[in-house]
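Have the model open as you read.

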Amino acid sequence: MIQYLLLITPMLSFLFSSFYECGDIINTEHQNIPIEICYGTDEEIGTTMHLGEHNEGIIVLGLASWGWGTMSSSSMVLEQIAEYFELDERILVIQNLDEPDSIGLNCEIWATMNQTDSFNIIDDGDLQLLFNLFAIDNYFNAIIIIDHNMIFRYYDCDANDSEHLIDVINNILFELENAVGDLNNDGGLNIQDIILLVNIIL
């Protein structure tokens, strides 16, 4: 009976589409929703974070659920991404775990079973907020990338290729680095930025 109950909540999500599509800007309300950290360092566990804290970097967010099994290929991919960008503070890798306390299980057990220790696991509560915001095809095991402008940039519904996702992240990092000096936010450095800078100085 418990197994069936575990499946009911995520299966109901198939009735709805995600709030955001790729290319959408995450609104201020959703950027500032507090989300509990349920696995991380001793100092972090039990504290809250919000997506807007990282609005000048890149967020790599995985979706997972006990209701879909105890192993997640996206966990392994997130671990590889987190290790690759370990020294780059612009990259935030996190995984949201729905039903984190199902049948006595918790985020620490999930991390142990999936052999992950390089990123934090978060719990967005019983309403599966992040899943409903970003799961375009209503599928757990997905990975979402949000860029430095809080734009929903990329979605992988069955993430199993860390090399491809690392390439995607590096391309966004290139945009971020070249955005410095892009005063008119047109995505490039050009004469218009020089004119704006001169007018600011004068």
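Helix 3 and helix 6 cross in a right-handed way, meaning that the near helix is turned clockwise from the far one by less than a right angle. This is a predicted model, where local features need pLDDT of at least 70, side-chain atom pairs count only at pLDDT 80 or more, and totals for chains, interfaces and linings use all residues. Residues are numbered from 1 along each chain as its sequence is written, and side-chain values use heavy atoms, leaving out hydrogens and water.

**The helix pair**
- Helix 3 (residues 73-84) packs against helix 6 (residues 162-178) at about 45°, with the axes 9 Å apart.
- Helices here are DSSP runs of H or I with at least four residues, strands are E runs of at least two, and both are numbered from the N terminus.
- Axes are lines fitted to C-alpha atoms, for helices over the stretch in contact, with angles from 0 to 180 degrees between N-to-C directions.
- On the helix 3 side, Val77, Gln80, Ile81 and Tyr84 make the contact (heavy atoms within 4.5 Å), and they meet Ser162, Leu165, Ile166, Ile169 and Asn170 of helix 6.

- The open sheet has 7 strands in the order 2-1-5-4-3-6-7, with mixed pairing (a pair needs at least two DSSP bridges).
- Strand 2 (48-49) and strand 7 (152-156) sit at the edges with a single partner strand each, so one side of each lacks a neighbour in the sheet.
- Strand 3 (residues 58-65) runs parallel to strand 4 (residues 91-98), joined by 8 bridges.
- Ile58 stands opposite Ile91 in strand 4.
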